[in-house]
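User: Could you walk me through how to read a few features of this model?

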Amino acid sequence: MSTEATTVHGHGPAPGIMRWITTTNHKDIGTLYLTFSFIMLFVGGAMAMVIRSELAQPGLQIVNPDFFNQMMTLHGLVMIFGVLMPALVGFANWLVPMQVGAPDMALPRLNNWSFWLLVAGMSMLLSTLLMPGGAMEMGWTMYAPQSLQTPFSFAFSIFSIHLMGISSILGSINIIATILNLRAPGMKLLKMPLFCWSWFVTAFLLIVIMPVLAGGVTMLLFDRFFGTSFFDAAGGGSPVLFQHVFWFFGHPEVYVMILPAFGIISEIIPTFSRKPIFGYTAMVYALACISFISFAVWAHHMFTSGMPTAANLFFMYASMLIAVPTGIKIFNWIATMWRGSLTFETPMLFATGFIVTFTIGGFTGVMMALVPADFQYHNSYFIVAHFHYVLAGGTLMALFGGIYYWLPKWTGHMYLERLGKTHFWLTIISLNVLFFPQHFLGLAGMPRRVPDYALQFTDFNLISSIGAFVFGASQLLFLYNVVRTVHRGKQATDRVWEGAHGLEWTVPSPAPYHTFQEAPDVK
Amino acid sequence: MSSHTGAQRYFIPHNSPWSFAITVGFFALLFGTAMLLSGMEKSGLAILCAGAVVMIVCMVGWWRLVIHESESRTYRALEDSSFRWGMVFFIFSEVCFFGAFFGALFYSRLFVLPFLSGASNNLFTEVLLWPGFVAQWPSNGPGNLGGTFEGMTPGGIAAMNTALLFISAVTVTIAHWGLKNGHRNIVKVFLALTFFLGFTFVVSQAHEYIHAYQQLGLTLGSGIYGTTFFVLTGFHGTHVTIGAIALLVIWVRVMRGHFDEHHHFGFEAIAWYWHFVDVVWLGLYLFVYWL
């Protein structure tokens with residue numbers, strides 16, 4: 001970021017490496033989060049490449065099953081806790097103070113601490129790969145009792161979850177305090193940009209669920225080392241208890257990953273439609289509604305675990321109910337585009353691509369909410385296709401769109417438009433080549449989490465793997481485009497996009513080191 | 001290290017080394033603990049202790065800085081409000097943490113034990129796996145883990161501990177009233193009384209644990225009853241200990257002349273925390289000891 005802009009208000013960043021280690025500036029911390037998440041995207045992506053390489057052909061040819069399972073577990077944990085969540089927190093750090101007209105986050109030292117706790121947690125998690133017996137092999141859900149059989153690295157994996165959980169809780173507290181306390185005069189709650197609303201709701205979700213996850217993994221730790229019986233039927237406990245505790249966290253967690261993505265899309269679409277968002281208030285209530293219902297649907301992950309029928313029915317209806325507020329959001333995005341003066345720069349391409357791919361993932365979600373249908377889909381590749389459509393096709397697409405959208409504001413440079421568009425088309429095509437055949441594999445009965453499979457699944461697996469390699473390689477274009485834009489590129493204007501509205505577009509590009517030291521006028 | 005920036009709208013501290021340093025300490029603490037648990041006792045303990053020392057040094061350093069900033073009236077209404085929201089949601093997150101363990105208790109009692117004895121759609125669980133098991137409470141499960149034991153009763157130490165915490169909630173409120181009305185001697189006496197009651201609670205809890213292990217045959221390994229009893233009361237006791245230490249620190253600050261009628265967020269934050277451990281105890285007394 002350029003130096004002349006940073007000296008305007010007297011306090012520029014500290015020189016050298018200490019700037020980044022000790023920083024309390026929301027923009028620096030946002031950059032740290034985004035950079036960290038970018039690195040982790042390639043780490044988690046490399047693990048995905050190992051998985052798809054092994055699955056390109058039936059039989060065991062590249063890695064042994066134990067290592068495959070470790071890759072599968074760490075791929076999930078790295079992508080969720082190391083890529084999607086940190087990237088969204090990075091967006092929040094950069095944008096929430098600027099969008100509500102605050103001088104910084106409410107608790108700047110805590111903000112720095114949240115970031116370093118995340119790095120500590122992720123380092124501890126990745127270090128388990130190097131330990132005797134390797135990392136956990138139970139998938140990111142860590143179900144007892146199998147996760148309890150993890151060799152040496154068990155306690156390290158548990159503590160890494162604790163570290164990342166504390167990081168999320170503290171970060172969320174900060175976002176809530178900023179939104180509640182530091183809005184510029186006149187910035188009423190129902191005037192806030194939807195991105196801020198989405199994070200406000202998300203932060204609340206995180207504060208509820210992260211301690212529950214911490215509790216759940218603590219129970220695992222106690223069962224393993226201190227002889228407790230939380231998950232041991234002989235002592236009157238139950239492994240299903242872990243599933244309940246985990247999914248009470250885990251289901252709202254998937255909304256944690258998608259709601260801020262909704263927020264990003266709700267910023268991009270009005271800009272390139274040159275129309276205000278359709279149904280702003282409905283969008284806010286839909287967010288609140290999704291998060292509220294998300295606490296009452298967790299057991300739809302457990303239809304085959306042997307719950308009483310009444311419980312299955314309740315969770316089925318509650319899960320289908322979530323499609324209503326989600327449908328409102330999708331309808332309103334399309335209604336915003338309706339008769340808009342549309343242009344399709346890269347962010348808009350990703351936003352429209354998001355609507356399509358996310359909706360596919362949403363529909364398969366409704367299919368699996370049906371108990372009898374889920375009995376067929378459960379633990380098959382169908383579910384793998386479903387959640388990759390919403391996480392890669394949803395959140396990741398929104399993140400790409402958001403990066404292209406705000407990168408000129410952050411760096412002061414325009415990215416390469418043609419390269420961005422190439423990145424989009426390669427990504428969306430390879431994404432569908434990668435994940436769409438997995439629906440067929442799942443419906444035909446291929447189980448998930450296996451390194452080997454029956455011969456009739458070969459063709460679709462090979463297609464899927466080819467899609468994966470193209471998808472992975474396409475992200476190198478993105479890497480180049482971003483790194484280049486940070487250093488050089490056409491000077492961006494303050495407004496950047498013709499149709500952009502909001503406080504962040506009123507400050508210079510790149511945004512000065514300190515913004516809104518004095519409260520802006522909000523009309 | 002810290003200064004106001006630009007206009008006087010909001011205090012933004014600069015370049016804090018504490019958060020990074022404390023993370024290094026925390027990482028070492030957890031890494032060492034994990035090594036200790038995984039069979040590397042000696043090196044694990046060394047790393048654990050090193051981490052703990054770093055953490056304590058950083059906590060002292062970080063809080064000294066914040067107390068100094070507070071006493072030099074760096075924080076005004078807007079900063080104060082941020083701290084309040086922060087503390088509210090921190091306590092809320094703690095409530096959710098306890099929620100997980102209360103949830104485990106309710107789920108085990110209401111569902112798991114009946115299911116193991118064949119209720120709902122689990123007939124064959126009882127017939128094939130645990131023939132003859134009858135759900136009851138307290139229970140150490142169909143495997144009779146940990147051997148015969150007696151459950152806790154709501155009388156005795158538990159009733160006394162309830163009284164201790166309730167009285168301490170009153171004394172901390174009186175201390176708060178004294179602070180707001182400028183009666184500093186009342187603050188000193190009643191705050192001291194509060195943390196004294198808190199430490200007494202912890203000691204009598206330890207006494208209860210010893211009693212459970214030695215006379216009742218109740219241990220952490222006594223199936224689901226021992227598990228939920230010790231883990232719930234143990235985490236609560238940890239929080240009481242932390243709260244009592246925090247009250248002690250606040251008391252030392254009062255003795256040194258910190259806080260005044262209007263400027264005492266540190267005091268109130270700990271008072272809130274103290275009420276929080278109180279309310280959790282109410283839940284424990286009701287669901288763990290009584291029902």
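User: What share of the residues of chain B counts as buried?

Analyst: A residue is buried if 20 or more other C-beta atoms, placed from the backbone, lie within 10 Å of its own, exposed if 12 or fewer, and partly exposed in between. In chain B, 38% of the 291 residues count as buried. Bear in mind that this is a predicted model: local features need pLDDT of at least 70, side-chain atom pairs count only at pLDDT 80 or more, and totals for chains, interfaces and linings use all residues. Residues are numbered from 1 along each chain as its sequence is written, with chains lettered from A and ligands numbered from 1 in the order in which they are written.

User: Which domains is chain B divided into?

Analyst: Domain bounds come from an automatic or database domain assignment. Here they give domain 1 (1–74) and domain 2 (75–290) of chain B. Their centres, taken over C-alpha atoms, are 26 Å apart. Domain 1 of chain B brings 6 residues to the contact and domain 2 of chain B brings 5, where contact means C-beta atoms, placed from the backbone, within 7 Å.

User: And how many helices does chain B have?

Analyst: Helices (H or I, at least four residues) and strands (E, at least two) are DSSP runs, numbered from the N terminus. Chain B has 8 helices and 0 strands, and its C-alpha trace spans about 75 × 45 × 35 Å along the principal axes.

User: In chain A, what do the buried residues of α16 pack against?

Analyst: They pack against α3 (26–55), α14 (381–411) and α15 (417–443) of chain A. Among the buried residues of α16(A) are A:Phe471 and A:Phe478.

Key. Two residues are in contact if their C-beta atoms, placed from the backbone, lie within 7 Å.
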